[in-house]
Amino acid sequence: MKNLSIRTGLITFMIMFCAILPGMAQTYMQYVDSADNYIRIENWEAAEIMTIAALKTMPANKLNYLLWSNLGDIRTRQENYDGALEAFEIALAGSPANVKVLNNRAYTYMQMGNMDAALDDINESLKKDSIQEWPLQIRGVIELGKGRYDEAEKDFIRLKDIYPKNASAYSGLGKIEAIKGNGKESSEYFLKSLELEQDEETWLCLVMVNIESGWLPKAKEYLLTALKRYPRSGNLYLMRGVIHKKNYENEAAEIDKKIAIDYGADSHLVEKFFPNFKK
């Protein structure tokens, strides 16, 4: 998610301060500015202290919902999820159905593993503004994870059309095409995604779809490139083992499987391709 920042609201804050006592406004702004600086260097504890100080200085400020939303983000970074949700509730009381707050709370729910609640907030946010980049991307990811492929595809296509440089739109469509069994289309989407943004998971998906399509030379070519970028990727070493296995190079496959496990390969992938391995 994009870095936390309250700078976009500072001009609006300053306009409102024209009718406020200068000393109080100055103190308030000093706390706000300090919180912003601490957020930038990811000193979450200090950022929380400064944000709360600002809220206490001017508790009746109508724009405090922005600070409450930031406080929710700050607490999320500290894994204080109950405190974060409390802050978001106060923010929404000050600005009902605000898309920024809904998006931030959705992110917190995702960190908690509560995808249903996150999806509710994302849906509500997109009702207010249907072309937001991050909500469209995340809804596609959640729908894909829930196996609702048609809905996910709609979001990824919309994301691609509105934000053609969003790598996740193409990687999401690549996964959907892979599920459909369309290896060629899937590979093209993954390659387009990688043109826009280098990502280990996307490389893994590209290699896997080529393996599963039976295009082993191409899979090996992509794998060698990926391993140069991610030389300690357990999942990529696992794919090298799979290629060896399919070429009946069983000894080399076993060696790669061991390296993959040592490098933290996903246990579900290990079970899928090497179901009789011993930990």
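## Fold and overall shape

Helices (H or I, at least four residues) and strands (E, at least two) are DSSP runs, numbered from the N terminus. By this rule the chain has 16 helices and zero strands. This is a predicted model, in which local features need pLDDT of at least 70 and side-chain atom pairs count only at pLDDT 80 or more, while totals for chains, interfaces and linings use all residues. Residues are numbered from 1 along each chain as its sequence is written, and side-chain values use heavy atoms, with hydrogens and water left out.

Along the principal axes, the C-alpha atoms of the chain fill a box of roughly 80 × 35 × 30 Å. Of its 279 residues, 47% count as buried (under 20% relative accessible area, with a 1.4 Å probe and protein chains only).

## The largest nonpolar core

A nonpolar core is a set of buried Ala, Val, Leu, Ile, Met, Phe, Trp, Tyr and Cys residues joined through side-chain atoms within 4.5 Å. The largest one has 30 residues, and Trp-203, Ile-211, Leu-223, Leu-236, Leu-238, Met-239 and Phe-273 touch the most other members. At least two residues each come from helices H11 (183–196), H12 (200–212), H13 (216–229), H14 (234–246), H15 (250–262) and H16 (267–273). H12 supplies the largest share, eight residues.

Another core, of 20 residues, lies apart from this one and includes Leu-85, Ala-117, Ala-118 and Ile-142.

## Surroundings of Trp-203

Neighbours within four places in sequence aside, Trp-203 is in contact (heavy atoms within 4.5 Å) with Leu-194, Gln-198, Tyr-222, Thr-225, Ala-226, Arg-229 and Tyr-230.

Terms used
Buried means under 20% relative accessible area, exposed over 50%, partly exposed in between (1.4 Å probe, protein chains only).
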